[in-house]
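Colleague: I'm new to this one and would like to learn how to read it. Could you take me through it feature by feature?

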Amino acid sequence: MVLLHFARWLRDHTDLRFEFLFRFDGDLLPEFAELAPVHVYHRRRQVATGLVESVRWRLGVERRADERHHQAIRERLSVGGFSLVHSNTVANGRLLEFLAPLKLPVVTHVHELDYVIRDGLEPGDWDRVVRHTSGWVAASQAVRNNLVEGHGLPADRVTVIHEFIAVDQAASIGDRTRDEVRRELGIPSDALVVGCCGSLQWRKAPDLFIQLARATAAQWQAAGESRPLHFVWVGGKPEGLYFKELLYDVRQCGLLDRVQFVPEQPDPRPVVNTFDLFALVSREDPYPLVCLEAAALKQPIICFEGAGGMPEFVGEDCGGTAPYLDVAAMSDEVVRLLSDPAALRRAGRAAAKKVRRQHDVTVAAPQLHALLSQYL
């Protein structure tokens, strides 16, 4: 999404010509294709039975087709008059090697932290990225610190440009009102909702979201608070062993009437808009866009220190932080805000003001453009 916002800004505010090269096809490809020519490195294969596919591979048919496809892309790019490769992830090692014969400077835009770099890449990919990269953009100070201190990159080659969104778009939720969506989810209109958004994986920590719900519900009841308290996670697919394990924990904690997992949505904003507070429980998250989108909806954010860049945004006025994986301390922060409506509103307004002032595409895209222009 950051790349898409940036490309739209480039089209509207500069005379630069650009094209896109993606490793794989994806849902956003048509939106990129509206802006510039699109090339996909891994071609879409025809549907075939296992036997047919196996025979094609043994005969070398698929390999030769891939080679022709890749050669056509390289020839197209080699005559395009390009001056720079803006590589939008650390997972592009093989693509950078593929592009190396073009002898172009590369700026790698890093949206990832240490776990992904060390354990989430294909073997040798990080070394390829380092070997071919001329300059670096870090999506947060936490990302920069990891690149410099954890991976030995020269500090003077790593520039922080925080993630950005189209704030007006993020703050627009369409025709479905907050109360309508709450009714669809079975949440009372007077309830307070603590929410999170993300895929169902270890790094995003939905298991900790359940622990937070249990700790906060216990505090809420002990304090004699009367308003209903609900916890909503949006994202991921309600299937597979891990999802069943999460539901097991919800049942065992007696939280079936308080915690629900909403499957991934084409547009999650109407569901996120039902939240009163956003609890980022991720173990590692560089600078999640969904938090910026929640901030645009005037929601305070609670997060863990040492889990990524979001404490840089939260600061002293946009929510609260807790020590790394200290669910009890995070629960204290949640209760502190929810039990004080005035403080909750102040933090939400501060978050909305900050995201517009610092993280709108109209503010950040010129910074990124200026940095990339140094390498043109």
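Modeller: Happy to. Before the sheets, one definition: two strands count as paired if DSSP finds at least two bridges between them. Keep in mind, too, that this is a predicted model.

Colleague: Okay, what holds paired strands together in general?

Modeller: Strands of a sheet pair through backbone hydrogen bonds, either parallel or antiparallel.

Colleague: In what order do the six strands of the open sheet come, and is the pairing parallel or antiparallel?

Modeller: Reading across, you get β9-β8-β7-β10-β11-β12, and the pairing is parallel. At the edges sit β9 (259-262) and β12 (319-322), each pairing on one side only. On average, neighbouring strands here are turned by 20° against each other, direction ignored.

Colleague: How many bridges join β7 to β8?

Modeller: Six bridges link β7 (residues 192-197) with β8 (residues 229-234), and these two strands run parallel.

Colleague: Which strands does helix α16 lie across?

Modeller: Helix α16 (residues 327-338) lies across β7, β8, β10 (277-280), β11 (301-304) and β12. Relative to β12, α16 runs at about 165°.

Colleague: And the open sheet of four strands, what is its order?

Modeller: That one goes β3-β4-β5-β6, with parallel pairing. Its edge strands, β3 (85-87) and β6 (158-160), each pair on one side only. From one strand to the next, the twist averages 20°.

Colleague: Which helix packs on that sheet?

Modeller: Helix α8 (residues 141-150) does, touching β4, β5 and β6. The direction of α8 makes about 165° with that of β6. Inside the sheet, β4 (residues 106-110) and β5 (residues 135-138) run parallel and are joined by four bridges.

Colleague: Now helix against helix. At what angle do α1 and α18 pack?

Modeller: For a pair of helices, look at the angle and at how far apart the axes are. Helix α1 (residues 2-13) and helix α18 (residues 361-373) pack at about 80°, with axes 10 Å apart. Angles of 65 to 115 degrees count as roughly perpendicular, so α1 and α18 are roughly perpendicular to each other.

Colleague: Which residues make the contact?

Modeller: From α1 come His-5, Phe-6, Trp-9 and Leu-10. From α18 come Val-361, Ala-365, Pro-366, Leu-368, His-369 and Leu-372. By type, this contact has eight nonpolar residues, two polar and no charged.

Colleague: Last topic: how does one look for empty space?

Modeller: Rolling a probe the size of a water molecule over the atoms shows where empty space is left.

Colleague: How many cavities of 30 Å³ or more does a search of the whole structure find?

Modeller: One. The largest cavity has a volume of about 50 Å³. Its lining includes Leu-280, Asp-285, Cys-303, Phe-304 and Met-310. The elements giving two or more residues to that lining are β11 and α15 (310-314). The lining of the largest cavity divides into six nonpolar, three polar and one charged.

Colleague: What about the second largest pocket: which helix gives the most to its lining?

Modeller: Helix α17 (residues 341-358), with four residues. The second largest pocket holds about 200 Å³ of space. Among the residues lining this pocket are Arg-178, Asp-276, Lys-298, Arg-345 and Arg-349. Its lining counts four nonpolar, three polar and five charged residues.

Note on methods. Residues are numbered from 1 along each chain as its sequence is written. This is a predicted model: local features need pLDDT of at least 70, side-chain atom pairs count only at pLDDT 80 or more; totals for chains, interfaces and linings use all residues. Side-chain values use heavy atoms; hydrogens and water are left out. Axes are lines fitted to C-alpha atoms, for helices over the stretch in contact, and angles run from 0 to 180 degrees between N-to-C directions. Contact means heavy atoms within 4.5 Å. Angles under 35 degrees count as roughly parallel, over 145 as roughly antiparallel, 65 to 115 as roughly perpendicular and the rest as oblique. Ala, Val, Leu, Ile, Met, Phe, Trp, Tyr, Cys and Pro count as nonpolar, Asp, Glu, Lys and Arg as charged, and the others, Gly among them, as polar. On a 1 Å grid over the protein atoms alone, a cavity is a set of points where a 1.4 Å probe fits but cannot get out, and a pocket is an open set with protein on both sides within 12 Å along at least five of seven lines; lining residues have an atom within 4 Å of a point. Grid points are joined across faces, edges and corners, and a volume is the space filled by probe spheres set on the points.
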